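Subject: Handover of a structure

Dear colleague,

Please find the structure below.

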Amino acid sequence: MSHTRYHIESAGEPRRFSAEALARIEKLLKRYPTRQAALLPVLWMAQETWGWISKEAAEEVARVLDLPPSHVDGVLTFYTMFNLKPVGKHLLQVCTSISCHLAGAEGLVEHCGKRLGIGVEETTKDGKFTLVEVECIAGCDRAPSMMVNDKYYEPMDAKSLDALLDRLARES
Amino acid sequence: MEKVLSRRVGTPNSQSIDTYVADGGYASVKKVLTGGMTPENVLEEVKKANVRGRGGAGFSAGVKWSFLPKDTKGKPVYLLCNADESEPGTFKDRLVMENDPHQLIEGMILASYAIKCRNAYIYIRGEFYEGARILNRAVDEAYARGFLGENVLGSGFSLDITVHRGAGAYICGEETGLIESLEGKRGQPRIKPPFPAISGAFAAPTIVNNVETLCCVKHVIDRGAEWFSKIGRNDKNAGPKLFCISGRVNRPGVYEAAMGLPFKELIYGDAYAQGIKGGRKLKAVIPGGASAAIMTPAEIEDCPLDFDGVAARGSMLGSAAIIVMDEDTCIVAAVRNILKFFSHESCGQCTPCREGTTWLYRVLTRIENGEGRVEDVDLLSRVAGQMNNGMTICVLADGAAAPILSAVPKFRDEFLYHVEHKRCMSGRGAKALVTA
């Protein structure tokens, strides 16, 4: 949850789930007593398909689940893991909650931003990296903890972060 | 104490059903479903063991189950496993799910049988991609072996388990926030009553239990209520327990011990965290996640780590997330960090919480930045004192108030020093700790 997530960007083009995706959604719906209950899983599918959830993707989700678009927007803006605008290929999520704070997480964020030349919530010009701060990700025993996309990297310090960023930059 | 909940962590292929069954897994499911134990028998055993909820509230799981109506008037009963593990400092359920998913699934089968649930869900926080993948694989394996699905082991009992991923919201760990989220809504907690046992998910009777609690259920049925209740300080604070310790200690991690482990043993013991980093002095400890009142070294002196032991000293065991702060920790910066968390995670529906957490964070920020006023110190307590004790729909606000209401009186000098000298008493700010 965050109080600053209001704006869902437009993709500038319509979004449509593939026939294969629609079949997956139909299968998913069998697990729930209401269509609405499949909203989070279907939003995850949208994000996996397009990398972020645009206004048009939200409309597609609403259409497929027979939900009011306003309801989908409300849910979408509530959950911080849904990207409301495009993000870099590597989404750097540095935990800054208490255990990571005690291990110097704020310094790690600062170091990361300087190294990439971006601030928090920003993406590098080449579209490779987006830097965000996140709240406790349950990596407290290996603080400071961070995630890149869906993988944990912990514990991190300036040196191991540099090595990781070098590796990720070479990757693509 | 022998390890129970974390026994299989480190076993090669511990996640696979083959190794689980080879280690005696699913024996209780067989025993219960084909050996003539009734749902009532299972419920009674869990009640007798007094398995207190490991998610934070410490409420007896068996008693919670017994709140379900005898006649559900045709409505289904839902079991929701709370795997949203988001309380800062907590990482025990992640360990269990990533290493021993079948332990949880077996616990869920037994619980579902006891409460006559046909459809159960594991609500797992979105960040646990790996945990969800492991659980999904394990669920598939359990279906393939006939432990899930129609007519489990030919007993007539049927059960489906669905892994449902959250998407980044602490409040979805609150049981009615979790229910709202499962229903495909913003995870905003509901006004109680009605409690979920009467009207929960999809307006049907619902039980929400934490991962570790459901794992305990499996072991209670394996070895009996008496065995369970003899582990620990007394039968009200019983059973094996996973403790998460993090912060400025030499060996942070998850440690399993009997309920009632002496607090200092966990921090200093050779088998546990092995003391404070660099041999520095202890300044403060959070015993049960960021929502728990901060304790001083004197307060933990003879404190047993269990629900009643910590509560008797004015704080709570919560999710058993022990966060250790040494003499170099700036209390103002630490409390500010905690309020950053709560202001970010407040769902926004109750004014005292939404505004209270935000203003506490802002006042703490100005103290931290050297712009504080002497009267700010009392202002913090006053604002926090107007947020808790039933002013809001759920207890997030109470959790946000607790660090303030404990830290400000206990470390008042430090707050005042910060205001007067525009810097930290300990001489080391948070940022200075980087790569230390």
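Helix α7 of chain B (residues 129–144) has 16 residues and spans 23 Å from its first C-alpha to its last, close to the 22 Å expected at 1.5 Å a residue. The expected span is 1.5 Å times one less than the number of residues in the helix. Helices (H or I, at least four residues) and strands (E, at least two) are DSSP runs, numbered from the N terminus.

Please note that this is a predicted model, in which local features need pLDDT of at least 70, side-chain atom pairs count only at pLDDT 80 or more, and totals for chains, interfaces and linings use all residues. Residues are numbered from 1 along each chain as its sequence is written, while chains are lettered from A and ligands numbered from 1 in the order in which they are written.

The buried residues of α7(B) are B:G131, B:A132, B:L135, B:A138, B:V139, B:E141 and B:A142. A residue is buried if 20 or more other C-beta atoms lie within 10 Å of its own, exposed if 12 or fewer, and partly exposed in between, with C-beta atoms placed from the backbone. In chain B, these residues of α7(B) pack against α1 (17–22), α5 (92–99), α6 (101–115), β2 (119–124) and β3 (160–165). Just after α7(B), B:G146 adopts a positive phi of about 80°.

The largest nonpolar core has 196 residues, and those touching the most other members are B:L80, B:C81, B:F243, B:L266 and B:I322. Such a core is a set of buried Ala, Val, Leu, Ile, Met, Phe, Trp, Tyr and Cys residues joined through C-beta atoms within 7 Å. Leaving aside residues up to four places away in sequence, B:C81 touches, among others, B:L104, B:M108 and B:V211.

Chain A contains 7 helices and 5 strands. Buried residues account for 41% of its 172 residues. Chain A is divided into domain 1 (19–78) and domain 2 (90–171), with bounds from an automatic or database domain assignment. The centres of these two domains of chain A, taken over C-alpha atoms, are 29 Å apart.

Finally, 43 residues of chain A are in contact with 52 residues of chain B; two residues are in contact if their C-beta atoms, placed from the backbone, lie within 7 Å. On the side of chain A that touches chain B, the largest share, 5 residues, comes from α2(A).

Yours sincerely
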